[in-house]
Amino acid sequence: MKSPVVKRSIVVAGHKTSVSLEEAFWNGVKEISGLRDMTLSELVGEIDSNRQQGNLSSAIRLFVLDYFRSRAMPAATDKTQP
């Protein structure tokens, strides 16, 4: 059985590192970087520089979750309005 986690190499702040994420999170971070007109490396560098704790993979997962959660909240709020 194939692992749902995909390990990829990426250059962050001039340093090559590897990040292991599920395909859905890779897709999410790619989508966000495209929407922000940034490269994947630039966005991951921003996430890396802003993380408070934990590893980079966890920080990316939390970033993607927070991004899409914040976009879903106004839509959920609109549905409850008369």
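With which residues is S33 in contact, leaving aside its neighbours within four places in sequence? In the predicted model, these residues are M38, T39, L40 and L43. S33 itself is placed in helix α1, which spans residues 23-35. Its relative accessible area is 6%, and S33 is therefore buried, the cut-off for burial being under 20%. A polar atom of the S33 side chain lies 2.9 Å from the backbone oxygen of K30.

The protein chain contains three helices and two strands, arranged along the sequence in the pattern β-β-α-α-α. Of its 82 residues, 26% are buried. The accessible surface amounts to about 5800 Å², and carbon and sulfur atoms account for 54% of this surface. Where contacts between residues at least 6 apart in sequence are considered, 41% join residues at least 24 apart.

Four salt bridges are found in the whole structure. One of them joins R8 and E23, with 3.4 Å between the closest N and O atoms. This pair links distant parts of the chain, as R8 belongs to strand β1 (residues 5-12) and E23 to helix α1, 15 residues apart. Both partners are partly exposed: R8 has a relative accessible area of 26%, and E23 has a relative accessibility of 32%.

A salt bridge is also formed by the side chains of E22 and R61, at an N to O distance of 2.9 Å. Because E22 is located in strand β2 (residues 15-22) and R61 in helix α3 (residues 56-80), the pair ties together parts that are 39 residues apart in sequence. The relative accessibility of E22 is 24%, so E22 counts as partly exposed; R61, at 22%, likewise counts as partly exposed. These values lie above the limit for burial, which is under 20%.

The salt bridge between D48 and R51 has its closest N and O atoms 2.7 Å apart. D48 counts as partly exposed at 26% relative accessibility, and R51 is partly exposed with a relative accessible area of 32%.

The structure holds one aromatic pair. It is formed by Y67 and F68, whose ring centres are 5.1 Å apart; the ring planes stand at 85°, and the pair is therefore edge-to-face, a class that applies to planes over 60 degrees apart. As for accessibility, Y67 is buried, with a relative accessible area of 16%, whereas F68 counts as partly exposed at 30% relative accessibility.

Notes:
Residues are numbered from 1 along each chain as its sequence is written. This is a predicted model: local features need pLDDT of at least 70, side-chain atom pairs count only at pLDDT 80 or more; totals for chains, interfaces and linings use all residues. Side-chain values use heavy atoms; hydrogens and water are left out. Helices (H or I, at least four residues) and strands (E, at least two) are DSSP runs, numbered from the N terminus. Buried means under 20% relative accessible area, exposed over 50%, partly exposed in between (1.4 Å probe, protein chains only). A polar contact is a pair of N or O atoms within 3.5 Å; within protein, one must be able to donate a hydrogen and the other to accept it, and residues adjacent in sequence count only if both atoms are side-chain atoms. Contact means heavy atoms within 4.5 Å. Rings of Phe, Tyr and Trp (its six-membered ring) pair if their centres lie within 6.5 Å; planes under 30 degrees apart count as stacked, over 60 as edge-to-face and the rest as tilted. Accessible areas come from the Shrake-Rupley method with a 1.4 Å probe; for residues, only the protein chains shown count as cover.
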